[in-house]
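This briefing covers helix packing and aromatic pairs in one structure. The sequence and the model are shown first.

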Amino acid sequence: MRVVVYPGSFDPVTYGHLDIIRRAARLCDRLLVGVLANPRKEPLFTANERAAMLRESIAETNPEVTTVTVETFRGLTVDFARSREAAAIVRGLRAVADFEAERQMAHFNRRLAPEVETIMLVTAVEQAYLSSTLVREIASFGGDVSGMVPALVARRLSVRLRVG
Ligand code: PNS
């Protein structure tokens, strides 16, 4: 069984992430979405909240995708990938601005775990401008994020940020 890991902060999940999940799921037998529980920055949502939003969003937007599971993890992505015997790590590339950091991460991960490949998928053009940071910022000022995240995520954002 070919397992691929899609790691990230997902704080919160956006339509850009959901597009990568749908497309990456087609490339493997099981796509394991890994929600990082120990990011450097303090997240808006806990790892369990982020994982729950991912599960609900996947069920709502991609109900046909049944080979995706969501887990939280701590530590290095390559250790998580190895522990699940993953063949590869998948990441979304939005623009050239993402490339340098992703290239560095891919080299670093390859050095730590040469058997785990990195696959980069180019984000759909409609979502190329999207980021969780931007979504949090817009939501914090009461802006409309309905085209950027599923409704259930938009609702949780407004409750957490006490706006709207
Ligand atoms: O959604 P993000 O914040 O762009 O995801 C970044 C993430 C979680 C993939 C990256 O920070 C990561 O892999 N962190 C886990 C720790 C680790 O493995 N660091 C080395 C990667 S160079």
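**Aromatic pairs and helix packing**

Tyrosine 6 is buried, its relative accessible area being 4%. The model is a predicted one. Tyrosine 6 belongs to one of the two aromatic pairs that a search of the whole structure finds.

**Aromatic pairs**

- The ring centres of tyrosine 6 and phenylalanine 10 lie 5.2 Å apart, and the ring planes stand at 80°. Planes over 60 degrees apart count as edge-to-face, so this pair is edge-to-face.
- Phenylalanine 10 has a relative accessibility of 3% and therefore counts as buried.
- The pair formed by phenylalanine 73 and phenylalanine 80 is stacked, with 4.6 Å from centre to centre and 10° between the planes.
- Phenylalanine 73 counts as buried at 6% relative accessibility, and phenylalanine 80 is buried with a relative accessible area of 5%.

**Packing of α1 and α2**

- Helix α1 spans residues 15-25 and helix α2 spans residues 47-61. The two helices pack with their axes 11 Å apart, at an angle of about 70°.
- Because of that angle, α1 is roughly perpendicular to α2.
- The crossing of α1 past α2 is right-handed.
- On the α1 side, the contact is made by Tyr15, Leu18 and Ile21. On the α2 side, Leu54, Ser57, Ile58 and Thr61 take part.
- Sorted by class, this contact of α1 with α2 has five nonpolar residues, two polar residues and no charged residues.

Conventions. Residues numbered from 1 in each chain as written. Predicted model: local features only at pLDDT ≥ 70, side-chain atom pairs only at ≥ 80, totals over all residues. Heavy atoms only, no water. Axes fitted to C-alpha atoms, helices over the stretch in contact; angles between N-to-C directions. Helix = DSSP H or I, 4+ residues; strand = E, 2+ residues; numbered from the N terminus. Parallel < 35°, antiparallel > 145°, perpendicular 65-115°, else oblique. Left-handed = near helix turned anticlockwise from the far one by under 90°. Contact = heavy atoms within 4.5 Å. Nonpolar A, V, L, I, M, F, W, Y, C, P; charged D, E, K, R; others polar. Phe/Tyr/Trp six-rings, centres within 6.5 Å; stacked < 30°, edge-to-face > 60°. Buried < 20%, exposed > 50% of the residue type's maximum accessible area, 1.4 Å probe, protein only.
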